[in-house]
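Below are my notes on the two-chain model. Please read them with the structure open.

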Amino acid sequence: MSDETASHHDKAAEEAQMRAVWATPGGWRYWTSVNNTQVGLWYGSAAFAFMLFAGLLALVVRAQLAVPENDLISANLYNQAFTLHGTVMMFLFAVPIFEAVAIFLLPSMLGARELPFPRLGAFGFWSFFIGGVFVCGSIFFGAAPSAGWFMYPPLATSEQAGIGADIWLLGLSFIEVASIAAAVELIVGIMKCRAPGMRVNLMPLFAWYLLIVAGMILFAFPPLIAGDLLFEMQRMFDWPFFDHTRGGDPLLWQHLFWIFGHPEVYIIFLPAIALLAMIIPTFAGRPIVGYSWIVLAAVGTGFLSFGLWVHHMFATGLPQISLAFFSAASTAVAIPTGVQIFVFIATMLAGRVVFSTPMLFAIGGLAIFVMGGLTGVMVALAPFDWQAHDTYFIVAHLHYVLIGGMLFPVFAGLYYYYPLIGGKHMSDRVGRFAFWMMFSGLNITFFPMHIAGLRGMPRRVYTYPADIGWDWLNLVSTMGAAVIGIGMFAVVVDVTLHRRNAPRGERNPWNAGTLEWLNEPEENWGVRSIPRIESRYPLWDQKTLAQEVNAGEWYLADAREGRRETLVTSVLDAEPEQVLRVGGTSYVTIVSAVTLGTVFVALTFKWWIVSLAAGIAFLCAVLWWLWTGTGEIPEKEEKDIGRGLSLPIYVSGVKSAGWWAMFITMTGDGTAFASLVFGYFFFWTIHADFTGGLAGPGMFWPLAALALFALSWGATLAAREFNRRGGIAYARILLLSGALLTLAASAAGLAGPWAHAMDPTAHVYPAIVWILVIWVAVHGALGFIMQLYCLARSLAGRLTARHDMDLHNVTLYWHFMLVTAGVTFIVVGLFPEAI
Amino acid sequence: MAVGDAHPLQHLTGDNLSVQRPCRAAVTLLIAVALGACSGRQSALDPAGEEASQVAQLFWVMTLGGALIWAGVIALALYASRWKPHAVSDKAAGRLILWAGAVFPVTVLTALLTYGLWLMPSLRPFAQQQAASLTIDITGNQFWWHVVYRLPDGSEVVSANELRLPVGQRVEFALRSADMIHSFWIPPLGGKMDMIPGRTNRLSLMANRTGTFRGQCAEFCGTSHAWMALPTVVMPADQFEAWLIARKAPSPGLVADDAGARLFLGQKCGSCHRVQGIAAEGKAGPDLSHVGSRLSLGAGLLENDIENMARFVSHSGFLKPGSQMPFYLTLSETERSDLSRWLKGLQ
């Protein structure tokens, strides 16, 4: 046997072993897979199915409005239908579809095997799926939310809203958990799991955009979660956050909702632009023109999007100076958007464009989106918005923006990336037919709505009189909706039927330049070996790369230890740092999602015992997951990844993926907390005496609680240091005393409002104080569990002086805990004394 | 653009559509559709008030500019993707991003924003001290409007579900809500303002031509949000004065000793509705003192005639789902007709 055949044999054995390690489980165990390829596909299919469901609801809505004074469906069912249409499209389609696409594409695009936390991704999917089915299913019981997708109190807090409001609040909170889980996963994946050499300025634009969007999710969703918490406390326990008769204010919800809601629009829009930023260079046959322009513009859009929320509240009677400020900010966001559009036009101008089906959807989407953007500038001006607000003009505007800026790019992406799913193309002819049906259908549907709105038709009316001049406009809109439906149906048929008999295409059918086209649809491992990247379009510029990667000539070409592994690289320069072992196939993700789902569903129906039991089961599942699946001490320190490079397997502290995940999660958590503090000061600003003459929690208990939390934080920090230096016994003692201090601190925190008999149902002041101290106490309970967890790990020999990842992450949690406790107790204890 | 002239397709059947001159007819039709499309008693583009006129003008400026920009961008995109003879240099493409993507929007938006912000203080001068001759308190309810005219002499006139305004005078509105968030909006006169529980929002409007218009609640407020309209009549100032003075007293058509009146009181209608001149002081429902003279019943729901009055009394919750008013199905045919004739008589 020659050397060459021997090495050939080695390679074949290596490949077989890697295939076994990354294999998708068979039979019904298929659903326990956590690999990004399966999870991404499930996620995308579920989001697509929810979109079709919401589309059917839209057809029902349009059928009802086809003629004046129609009695096809009742007012109540109509109100449920439009509420669910908006809710499902926004929360179950527009955001999740990008999490899906990102989970599916990112690893191969970044040259990684997997995202860093595959089980977290799978958990997020199952949470999303359970929550989505729960929310959608409600309409079949006539119990769907019916107060509009932004759920304004007092309508949504009133008894008229029924259980639908609880389904909305709890079902969507559950889904928001999934979104945040995905955001953590994507941020860490993009920052730490890129192929060696892929410096930030070589990152594919899709990764840039997703990084920005995941960051936005982290700051935009928590205010809504905080709002949901206040809302549900009012609905369940009558705490008067939005009840003006007891010091609350319905406008606080509008602020919290739109601080989420407007960035949400860009959270939906930016990933769609990201798809175009991948598609257009491919079909222009050249790199994007103005890479730094488009990245800066995307970052700018992300930042600006947080300063626009009041333009949803121009008619609420805010001072004109705020209106002027938010008018200016709202028009300003058109500038980075314009830059992004002209980057695409410039790229096409400087290239030779192949006008494929994806390009048809891209250009068509652009035409629609620009129209929506221009009407967006119109409504950004407060005087015009006073007329247009809450009318069909807005309905038209938002559909032009979302269909042009999101739906069409998604279809472009579907046609472009479909070959990555099973190696087959979608039908070009069906695609063009579907495009023209949808394009004409949407203009027929939504263009007349501009006119209907200006002729005075408010949105959310279940019917209208015949003699105002809205009748023919609505009839045309309804006919257009049917045309869109035909186009959509054509795509569904194409996706589901065509797939079976289509011929297999080539590997890189569009001759694209980015790494995801190395992908082998039949393999689960992302990339056969992880290459070093020198260009933004490696497949164009590094001619032999594809061959080398597939031959396993690059890094980490083996799975000799039988573990799923991927490379961790440095944040800016993507220099290799670590071989990360990621979680494999497991039930624990489904069990965790089902138990957490049960908590939310049981709360909806006020089944307290079930909810408590499910909560305990969830906690056990998560602890089991962490105990068995994370922070494992490897059998050797380093692994040889080929080409003379050897990397550590276990890393703790700031270099580890887990540390970043904790940091990012706690940033989101801190944002939710900041939203509650915002609520406290909001009530202070709207009332002359915001305590309502009621007693506060005093100074003693809050300051005592703060001191105890500070001691517990110190104990945790000291435990980490002692442990690192080998003082294991001291570390254990410190952890135990830290845990006891935490219990005392949480109790002292709750003692403040308790000792002063603050009744949270009496007035908003006691209610907001209670919610803040409860927030801290719940975080204290988590901190307590973490301290004991570290103690147990140490006693079980799973945490040593060298392998102290858990202790690092828990200390990081405690830094945030200290800030949370500090802000809370200074605000509730000292602030009332200072005014 | 006449009130109610809403159906542009009716021009198709008109005499002016000449078969011999298809071109001219097409142009006529287009103009008719364009104008017809803007008209209507609830249209923001058929203004009858100061604010609405200026905003309509702003709208046309922006629409024209927007259409030009849209056409330019799309033409450029098509040129770049399909029509261009050969690729341009990277440098030229980069310049396009700078000038068309950044400099152009900054310039246009700055100009537009300046125009828009300059309009704002004059459109809604409620922040300034001024002697509005008339203040009207309007309170939104599910799904009707409580209207109180506050006269300069301190007296007040209570009404509901209809608004009367003098032409050429600035009127100040104090907007409140009794339950949900509503939004006060009469498109031909001006933009909307929300009515939020616990707050009083102020808005001032000035009508500049007479006519009958239709306002409508613009913020989703519950099941029958669709049926919360506010018919609005702009009258010459002297007629308005006379109308107000007449509303200070009980309706001249009020016959206190009538079968209808007895039924009204006997069925406890007075515990929710007020009728000046008899012992009916209810506040939970609309004031009915002069209900017979209103343009519509049920806040724009039905034409105001005796038959509809009878229908509304017995079937309000059916005609207007979610309405707080109970069904009065137990009334006999005669009783219904007595009651509705009496109510219709409250002119």
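1. Across the interface, 72 residues of chain A are in contact with 76 residues of chain B (contact: C-beta atoms, placed from the backbone, within 7 Å). On the side of chain A that touches chain B, α10(A) gives the most, with 11 residues. By class, that side has 46 nonpolar, 20 polar and six charged residues (nonpolar: Ala, Val, Leu, Ile, Met, Phe, Trp, Tyr, Cys and Pro; charged: Asp, Glu, Lys and Arg; polar: the others, Gly among them).

2. This is a predicted model, in which local features need pLDDT of at least 70 and side-chain atom pairs pLDDT 80 or more, while totals for chains, interfaces and linings use all residues. Residues are numbered from 1 along each chain as its sequence is written, with chains lettered from A and ligands numbered from 1 in the order in which they are written.

3. Helices α3 (75–110) and α5 (162–192) of chain A pack at about 15 degrees, axes 11 Å apart (axes are fitted to C-alpha atoms over the stretch in contact; angles run from 0 to 180 degrees between N-to-C directions). Helices are DSSP runs of H or I with at least four residues, and strands are runs of E with at least two, numbered from the N terminus. α3(A) and α5(A) are therefore roughly parallel (under 35 degrees). The residues of their contact divide into 11 nonpolar, five polar and one charged.

4. In chain B, an open sheet of three strands has the order β4-β10-β9, with mixed pairing (a pair needs at least two DSSP bridges). Six bridges join β9(B) to β10(B), which run antiparallel; Thr212(B) has Val233(B) as its bridge partner in β10(B).

Notes: Parallel < 35°, antiparallel > 145°, perpendicular 65-115°, else oblique. Contact = placed C-beta atoms within 7 Å.
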